[in-house]
Amino acid sequence: MAVNTDLIGREFPPTAPYLVGREKVREFARAVFADAPQHTDVEAARAAGYADVVAPPTFAMVIQDLTLQQLLALPDSGIVLARTIHAEQRFSYSRPIVAGDELVGQLRVTGIRTMAGNALITSEAEITDVDGAHVVTATSVLLVGDDGEDDKEEEGTR
């Protein structure tokens, strides 16, 4: 089954609010080797002008993942997780994510491009606080590999 191109332009419902926890920020910072003190030390974060510890920029992926799960759960998407890799990621911030934020994500599929039987699916997750103020737009590209069905059919006709 090929990736369903009818997904282009599709918007998904907003996710439930995600409360950014201080320990989650610290754990994430350790996992990605973000060793700046404002990621783990409340006093260092406050000295830098923040209310609490500041999440590393890639932390937005935690919320974006909630939106991508909606896409991956569609039975008619044509996306087979076993043939899918995360090919590209970008973030465009209005402000940093800080412990205590409650964030909501909403995904929109912005494009699907085919190349050599593979599909590149581009999506944007608009991540806002619960009051609707923009925090970050997370753009990702998923590469869905060819299922090989055309090759099997070709081999059967030789």
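Which residues have the most contacts inside the largest nonpolar core?

## The core

They are Phe59, Leu71, Ile97 and Ile121, in a core of 31 residues. A nonpolar core is a set of buried Ala, Val, Leu, Ile, Met, Phe, Trp, Tyr and Cys residues joined through side-chain atoms within 4.5 Å. Buried means under 20% relative accessible area, exposed over 50%, and partly exposed in between (1.4 Å probe, protein chains only). S5 gives the largest share, five residues.

Phe59 is in contact (heavy atoms within 4.5 Å) with Tyr18, Val20, Lys24, Val25, Phe28 and Ile97, leaving aside neighbours within four places in sequence.

## Basis of the model

This is a predicted model: local features need pLDDT of at least 70, side-chain atom pairs count only at pLDDT 80 or more, and totals for chains, interfaces and linings use all residues. Residues are numbered from 1 along each chain as its sequence is written, and side-chain values use heavy atoms, without hydrogens and water.

## The sheet

Five strands form an open, antiparallel sheet in the order S1-S3-S4-S5-S2. Strand S1 (18–19) and strand S2 (84–93) stand at the edges with a single partner strand each, so one side of each lacks a neighbour in the sheet. Helices (H or I, at least four residues) and strands (E, at least two) are DSSP runs, numbered from the N terminus.

S4 and S5 pair over ten bridges; pairing needs at least two DSSP bridges. Ile127 stands opposite Val136 in S5.

## Leu19

Leu19 lies in strand S1. Its relative accessibility is 55%, so Leu19 counts as exposed. Leu19 and Ala99 are 80 residues apart in sequence, yet 7.9 Å apart in space, C-alpha to C-alpha.
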